[in-house]
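Here is a short report on how two chains meet. Look at the model first, then read on.

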There are 2 protein chains.
Amino acid sequence: MCKRIAIIGLGLIGGSMAMALKGFEDYEIVGVDRDPATLEFARTHGVADYLSTDAGQAVSTADVVYLCLHPRGIVDFLSTYRACFRPGTLVTDVCGIKTAIVDAAAVLPDEVDFIGSHPMAGKETSGIFHADGALFRGAHYIITPRPQSCPEHVDLLHRIADHIGCRDVVNTTTAKHDAIIAYTSQVMHIMAVAVCDDPDLFDCKGFEGGSFRDCTRVAALDVPLWTELFSMNAPALCKVIRNLEDNLRAYREVIASGDTAALAEKLAWSADRKRHMNLE
Amino acid sequence: MCKRIAIIGLGLIGGSMAMALKGFEDYEIVGVDRDPATLEFARTHGVADYLSTDAGQAVSTADVVYLCLHPRGIVDFLSTYRACFRPGTLVTDVCGIKTAIVDAAAVLPDEVDFIGSHPMAGKETSGIFHADGALFRGAHYIITPRPQSCPEHVDLLHRIADHIGCRDVVNTTTAKHDAIIAYTSQVMHIMAVAVCDDPDLFDCKGFEGGSFRDCTRVAALDVPLWTELFSMNAPALCKVIRNLEDNLRAYREVIASGDTAALAEKLAWSADRKRHMNLE
């Protein structure tokens, strides 16, 4: 008999996850959503093996549950449906913050294994209409297992990450995840919107190069989603924003001073850090 | 008899320009550099129709001269070789700042027509070894003609921009160019290096997504070049950096306040500006 993965929420990430999971071992994929247009799109595009509007029923017959809702939606879902999960089920999510989610999962019965996931992929669009089964290719897949997490489930997440095309699986704690993600993801989005707040934005048509397009690409963000992500990770994010303000001010001061030797030395230091980082 | 375009300086931009200009109307391309390794690479890769180490001779036999040196190098070149240019020659450049360059061109005789150019393309690498004839495809080509500039030369620059694949030609003043470029290009580079100054940089391996890679891509910059570009446009750049510091602080304060409705409203405002901008 087939095993089942239930995807709760067929938005950009949930829809992409359903498509990417197609053909994973002997699992059937059940997509769950309440929005008629989303379900119609999922049906006509074959996004999942089955579709349902009944989350409780889908959860109670699943071996793996992927919560692909916004952060507050996940918190509410765990609370509402906590009695529906079967013992032994692996429950995971795709959310960009982890502490608030894993804390919320404490409402689950002990026999239900919650392991936080964060596949580091996205787009500056939302909804199933932009879903893409190749979205996770080359992305890091971050997991935050708990001490009591079942090793077989950790191993299962490794196989899933491999199947959907992720480059690696990074194992970390919820606190470390949220502190670093404030830096590598959240503040990049804050910068993009802050750049668009400049009064000269609409005068700059015809003067944009690749660096401007790259930096502001993510500014047209999903406002309800990012409001939750930012506000549910506020202390870590505010610390990183303040660091960035300080680092920008330091550059402004050395440029304003007219000391070009000091500016060159400072630029060389930063550029060397980037080269040393060698992310690619 | 063929007309001649002399490219002074076969670095990343000069080398790419020579390659991109290949086959332009009935012009021969003469590449000028002093570095033996650069010349050897240019020779074996057919970067130009002719190569020379004699800038004075190349300038005195050219109909069009492209100055593809660093900003201070252009200023010095104009001063050193001002007597070598023929009357009626179009002299232009590829520099990312325009006021300092066009001011320096005042040393040229009146019959020599200097029109500043800035093809908005680049890479986070330097030198002819990274030159690419397709570098300018889709880029804006900005020009800053002077009141006395010859209309035929402006028209010639339009045809050149079209030949090398630029999407359009933007006609502006040196002051407006430098003010806007501080925003659309220079501060993007300052942000990239400032982000790399964060103490957590080396802890973030495994946690980077597309937005982090995009934003920091330009951080490994050419230090001598950008030291000149930043310091020769310091007042405009410092103003934009300060705006960005203010806009980041405003985001930090609303996030720290816990007022999620205000945060959502602020994000919606910025995201709408980005959508309205619709740069692509």
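## Terms and model

A salt bridge is a side-chain nitrogen of Lys or Arg within 4 Å of a carboxyl oxygen of Asp or Glu. The model is predicted, so local features need pLDDT of at least 70, side-chain atom pairs count only at pLDDT 80 or more, and totals for chains, interfaces and linings use all residues. Residues are numbered from 1 along each chain as its sequence is written, chains are lettered from A, and side-chain values use heavy atoms, without hydrogens and water.

The side chains of B:D197 and A:K266 form a salt bridge (3.7 Å, N to O). Across the interface of chain B and chain A, the rule finds six salt bridges.

## The surface

Chain B gives 84 residues to the contact, and chain A gives 84 residues (heavy atoms within 4.5 Å). The copies meet through the same surface, because 100% of the interface residues of chain B are also interface residues in chain A.

How much area do chain B and chain A bury between them? They bury about 8,200 Å², with 68% of it on carbon and sulfur atoms. Buried area is the accessible area (1.4 Å probe) that two parts lose on being put together, summed over both. In chain B, the residues that lose the most area to chain A are B:Y183, B:F207 and B:R252, together 10% of what that side buries.

## Symmetry

A rotation of 180° with 0.0 Å of shift along its axis superposes chain B on chain A (RMSD 0.0 Å).

Technical notes
Least-squares fit on C-alpha atoms with pLDDT ≥ 70 in both.
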